[in-house]
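Let's take a walk through a protein model and see how some of its pieces sit together. Have a look at the picture first.

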Amino acid sequence: MARSTSMTDLSSLLRKKAINSARKLLLISNYRGTNQEKDLSESANCNGFGRIRHFKLYTGEDWIQDPLPILPAASSLGIIPSAEMRAQVFQNAVCNWRCWYCFVDPSLLNGDSKFASFMTCDEMLDLYLQEENPANIIDLSGGHPDLTPEWIPWMMEALKSRGLEEKVFLWSDDNLSVDYLWKYLSDDQIVMMSSYPKYSRVCCFKGIDEKSFSLNTKADPKYFSNQFDLFKRLLGIKIDLYGYITLTAASDTNFKLIIPNFFDRIQEIAELFPLRIVPLKILEFSPVSSRMNREYVDMMKGQYIAIQIWKDELRKRFTQEQLSLPITEVKIK
């Protein structure tokens with residue numbers, strides 16, 4: 001993945017393993033027997049193809065609150081937000097990054113049919129509706145969902161066909177690595193995504209500069225800049241967009257220089273968007289333990305330095321009134 005052609009080829013190969021466009025089939029991970037299963041707060045559901053994720057607003061005294069997707073979901077569904085919300089998660093079984101801190105078992109990222117099966121969105125919904133008290137959030141996760149961007153409009157169609165489009169909030173992740181949304185979706189599918197009333201997407205920036213990005217993802221440093229280009233294109237289709245960022249970086253990083261530079265690049269695209277970005281706190285899940293080395297331990301320490309600089313930068317650039325806005329009320333152009 002060190003050269004652009006290899007990353008491009010890998011993404012293409014993984015896509016071919018993960019989708020049958022003619023039959024609307026997607027390769028969906030099954031958690032049973034995987035290392036990821038050990039970290040689930042409750043047993044896998046939907047015959048092993050799903051899991052319940054408990055999104056929590058509070059992430060610890062040493063971090064900042066994470067309102068995603070709690071506030072977007074509550075706002076969209078017209079309900080009072082709570083400190084914790086349940087979501088039904090499905091994961092596609094491919095990803096073109098290899099983030100060292102990823103909580104997903106590597107066997108669920110390579111399109112390995114031993115731990116995944118092809119399913120339609122209707123089959124996923126059949127399993128979801130058979131569960132007792134199904135969550136009112138469906139999270140299309142991964143892996144990398146945008147290696148198979150058809151998943152989002154296909155799921156929207158399936159929800160509509162069952163009269164669930166007003167009852168279920170749809171959430172998806174994007175690691176800002178490929179332009180497949182524009183390459184493989186029709187104009188009508190993109191319009192469907194932008195006009196779907198209960199859908200939001202979160203883009204995850206994998207690091208604060210080229211060095212931390214490459215250390216985090218194992219990808220060529222130049223793909224750090226590619227994230228901003230793809231983010232700008234996503235803003236252009238007018239979906240409800242949010243951001244995550246991983247602050248893991250070497251503890252000797254010049255955070256007081258690097259983080260303001262990151263803010264500058266985002267604000268050149270959308271001035272208020274830093275108020276819609278939530279730094280992710282990286283923790284050591286079971287699949288991560290075997291990967292830990294001195295460098296990664298140091299990067300985990302670095303994120304705690306970075307979060308303080310991040311908060312300082314927010315206070316420098318925005319008024320108290322702006323900082324107090326719920327994330328859903330931050331207007332972006």
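## A helix across the strands

Which strands does helix H3 lie across? Helix H3 (residues 121-130) lies across S2 and S5, running at about 110° to S5. Helices here are DSSP runs of H or I with at least four residues, strands are E runs of at least two, and both are numbered from the N terminus. Angles run from 0 to 180 degrees between N-to-C directions, with axes fitted to C-alpha atoms, for helices over the stretch in contact.

Helix H4 (residues 151-161) packs on the sheet too, touching S1 and S2, and its direction makes about 100° with that of S2.

## The sheet itself

Three strands make an open sheet in the order S1-S2-S5, with antiparallel pairing (strands pair if DSSP finds at least two bridges between them). S1 (19-20) and S5 (116-119) are at the edges with a single partner strand each, so one side of each has no neighbour in the sheet.

S2 (residues 25-29) and S5 are joined by four bridges. Leu-27, for instance, has Phe-118 in S5 as its bridge partner.

## Two helices side by side

The axes of H8 (residues 223-236) and H9 (residues 255-269) come within 10 Å and cross at roughly 25°. That's why they count as roughly parallel (angles under 35 degrees). Contact (heavy atoms within 4.5 Å) involves residues including Phe-228 of H8 and Ile-266 of H9.

## About the model

This model is predicted: local features need pLDDT of at least 70, side-chain atom pairs count only at pLDDT 80 or more, and totals for chains, interfaces and linings use all residues. Residues are numbered from 1 along each chain as its sequence is written, and side-chain values use heavy atoms, leaving out hydrogens and water.

Notes:
Parallel < 35°, antiparallel > 145°, perpendicular 65-115°, else oblique.
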